[in-house]
Amino acid sequence: MNLDRFQTLADAFGGSITRWPVEVQDAAFAFTAASPDEAALALAAARDLDEDLDGAERLSPGAALRQRIIDAAPKSRRPMRTPFQRWLAGAGVGAGLAAATAAGLIAGVNLSAASAGEDALLIAAAYSSGLLVDEGDPS
Amino acid sequence: MSTEGDPDQELIARVGRGDPAAIQALVARKLPRMLQLAHRMLNDAAEAEDVAQEAFLRAWKQAPTWQPGAARFDTWLHRVALNLCYDRLRRRREVAMAEPPEQVDTGPAADRGLLARDTGRRVSAAMAELPDRQREAVTLCHYQELTNIEAAALMGVTVDALESLLARGRRALRAALADLRE
């Protein structure tokens, strides 16, 4: 590496050789060892500009911006808990049926109960809606 | 550009599943970088916030179907934010052509001593005066601390062309800020 190349790299990448492209760093350090005065001059000028650039105004994200972004993020999808619930979802009735159950079919029962209880409620709702038929029912 | 060892990959997968902790972590990790990128490119705090927010909205849409392999997430997000910046710079030019602004001399004359002492504002103004591609190169390499290979790939230029953009941009900055060192 000669002085011209060293100067060009300092002009482009700044006063710290460790921030130069990896593939030229060894040669740059070798040049610095061989021509310390010329290298120091080139690096000092570049380092001055680095310091000026580091003094530029910096924006910090405000809480309001952060919150707006977080509020727009994907919402957690609640996983299905049982094979029966997954089957209902496959039949295209899971969510609607659960809502209908909550709204009117079995008033007063908490749907967030244990999964076995939820299945029982959904089964009852499925019978009520005609999705399931009790073949033992003479009617 | 290689995506091997993308440090954001696992986080993006969790964001795609709506994991609140992952969402918080990604915003903490990337928002300051995106805000700084947009601020350096646009020299306008309000516009920089708009760009950062829009970039994240696009990331949220992308996260559930993010396919590792095409690009690192950080590179992709930089590309999105830069495109949004260039949209705004283009619009500014269209407005400027329709309504030429008053000429404001921001040079370092003696009667602007107060401004000359305000290094931060002087640097921002000097950056804003650079041609867009030189400003982009300096922003990516100095402020975003991307490697020359990453920055060149992001800008769609060779590493030699990037080096040329950087050298010209930094020489112009040094000339514009020379009086700070007097």
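Before I start, one cut-off: I call a residue buried if 20 or more other C-beta atoms lie within 10 Å of its own, exposed if 12 or fewer, and partly exposed in between. I also keep in mind that this is a predicted model.

**Entry: positive phi**

Most residues other than glycine have a negative phi. I therefore went looking for exceptions, with that general rule in mind.

I looked up B:N43 and found its phi near 55°, a positive value in a residue that is not glycine. I placed B:N43 in the loop that runs between α2 (20–42) and α3 (45–62) of chain B. Is B:N43 buried, exposed or partly exposed? I get partly exposed, because 19 other C-beta atoms lie within 10 Å.

Next I turned to B:E145, again not a glycine, and its phi is positive at about 55°. B:E145 sits in the loop between α7 (132–143) and α8 (148–155) of chain B. I noted B:E145 as exposed, because it has 11 C-beta neighbours inside 10 Å.

**Entry: domains of chain B**

I checked the domain assignment of chain B, which gives domain 1 (1–102) and domain 2 (109–182). How many residues does each domain bring to the contact? I read 12 residues from domain 1 and 12 residues from domain 2 of chain B.

On the side of domain 1 that touches domain 2 of chain B, α2 and α4 (73–98) each supply at least two residues. By class, I listed that side of domain 1 as five nonpolar, four polar and three charged residues.

Technical notes. Residues numbered from 1 in each chain as written. Chains lettered and ligands numbered in written order. Predicted model: local features only at pLDDT ≥ 70, side-chain atom pairs only at ≥ 80, totals over all residues. Helix = DSSP H or I, 4+ residues; strand = E, 2+ residues; numbered from the N terminus. Domains from an automatic or database assignment. Contact = placed C-beta atoms within 7 Å. Nonpolar A, V, L, I, M, F, W, Y, C, P; charged D, E, K, R; others polar.
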